[in-house]
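Here is a short briefing on a protein model. Look at the structure first, then read the points below.

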Amino acid sequence: MGRRRQGRRARPWHDRMFTVPVAAAAAALCVTLLPAGRATALPRTEAARTTAAADGTPAPYAFARDAVPVEGATDTTDSALLRPGRTYKSSVGVAGRDGRLYYRLELDAVSDVYVSATAVPRSGATVSYSDGLKVSLQDADGRNCSFTGTVHFGATQSPHPITSWAARETSGEQYACQTAGTYYAVVERTGAGGATSGTGGPSGTEPSASRPWDLELGYASEPALRKASGPTNAPEAWNSASPEALVGEAVRRPGGAGFGGAARLGQGVWKDGIRPGQTLFYKVPVDWGQQIYATADLGSASGGQGSVGTALVMSLYNPVRGFVDDVGSGYDGRQRSVALDPLPPVAYENRYALNDRVSGMRFAGSYYLVVHLAGQVADRFGEGPFGLTLRVRVAGTARPGPVYAGTPAPRDLFAVPAGGPDAAGDRATDGAAGTGNSGGDGRSGVMKLVAAGGIGAGTLLTLALVLWTVIARRRAARAAGPAPEEADTASAPPRAPAPWEHGAARGR
């Protein structure tokens, strides 16, 4: 920066007002006139991924921006209170008391509640097949409210985010946890390095056993039905046939690095790049009465040899981050494809099924596709990225859902976003959604941005010209010498509104 000259007189307020709008207008005009594909600013998630990938390291898990820090307690007495509809960030230690944490809930007698925990091993940790995470909901007498959910890293033995969930249900033929009162969400590590086993694992798991895992906690509440007189059994007949695979040009859609930043996908063919050790998150709106089908294709490698037993894993989670199903495949450098088995249409009564694949399809809303590529792939085939193609189909006609007696938390948890399941995704990077891939025209989003930028720039330029005219006239009047009667009665020009006071969007 240049040195400020001493004794320089401050510019008049009207000169400073003029400079700001002109600069802002020029900047807005430059942005508006940028050709497609030449934007200098990446979306938040994509920018983070690009930065992380600069040194070949996959981006870490991206915690929700509104996550509230909370510390888990090693006993119920000192446990912190969680509130429904919020997301929390915490961590869980290892072995003994630090590997089992308690969080307090205050529940009514009629709502169903769901607590999920996503564990994120820290950089440099290794994991074994049996390392995992367990979540349970317990009443004041220590009784489990439902079957507890335990997840493991499994055959990949690759550190990546894993998610477990538990529920307190008041509908159907449930007997435990049916009264209002204080309950506890219990999160604990399992396996060779965890608290449950109490035994040491092989030497390869020592880094995992000695390091905490970060946690993202989700807490959702589902109100009771206004009229609880429907069936209490899961549907037995539904279309379980696999549809024809979707074909066509794939549209590039960068995946998110966490549940909160998951990239939205509609029906269609989508592509991305994935690096060994990386986990990508996508969300697919599915309405009541609709079925979701998904296939993940991993592209061939340009070199390398050998094979990795379990390399690619695609998992499906429901709107409360409850596990529904997953599928995996090995990799030997040749292209591989995995597909979820057909799932039932979304229905409220699916919750009464004993099968997790069926009972998980109990809500409308955003279902999450989570894709992980094992870190061991890099040892045999390089750091990538490797091509990833997702083929997503949402079949069936949406139908009215159940009528709740209250409001879910979060409020829009079971709502399908505006535009429906066939709408273009949130972060399309090609500027247009490929023909036949989505119900909306992908170009409309770009044109709206151009229009908004043009309107904003035009408004600022008009304001700048008006101010310029006012300033010129005032200077001319001062040079000619104002009349005495005008010296005391001239009113100051009105304050110029800041650029954001004209409806311009604030920066995220």
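Thr-190 is buried, because its relative accessible area is 8%, and buried means under 20%. This is a value from a predicted model. Find Thr-190 in strand 9, which covers residues 181-190.

**Around Thr-190**
- Val-151 is 39 residues away from Thr-190 along the chain.

**Strands 15 and 18**
- Strand 15 spans residues 291-298.
- Strand 15 pairs with strand 18 in the antiparallel sense, over four bridges.
- Look across this pair: Ala-296 stands opposite Val-338, which is in strand 18.

**The whole chain**
- The protein chain has 508 residues, and 44% of them are buried.
- Thr-190 is one of the buried residues.
- Seven helices and 20 strands occur in the protein chain.
- The protein chain exposes about 26000 Å².
- Take the contacts in the protein chain with a separation of 6 or more: residues 24 or more positions apart account for 75% of them.

Technical notes
Residues numbered from 1 in each chain as written. Predicted model: local features only at pLDDT ≥ 70, side-chain atom pairs only at ≥ 80, totals over all residues. Heavy atoms only, no water. Helix = DSSP H or I, 4+ residues; strand = E, 2+ residues; numbered from the N terminus. Buried < 20%, exposed > 50% of the residue type's maximum accessible area, 1.4 Å probe, protein only. Contact = heavy atoms within 4.5 Å. Areas by Shrake-Rupley, 256 points an atom, 1.4 Å probe, with all protein chains shown as cover. Pairing = 2+ DSSP bridges.
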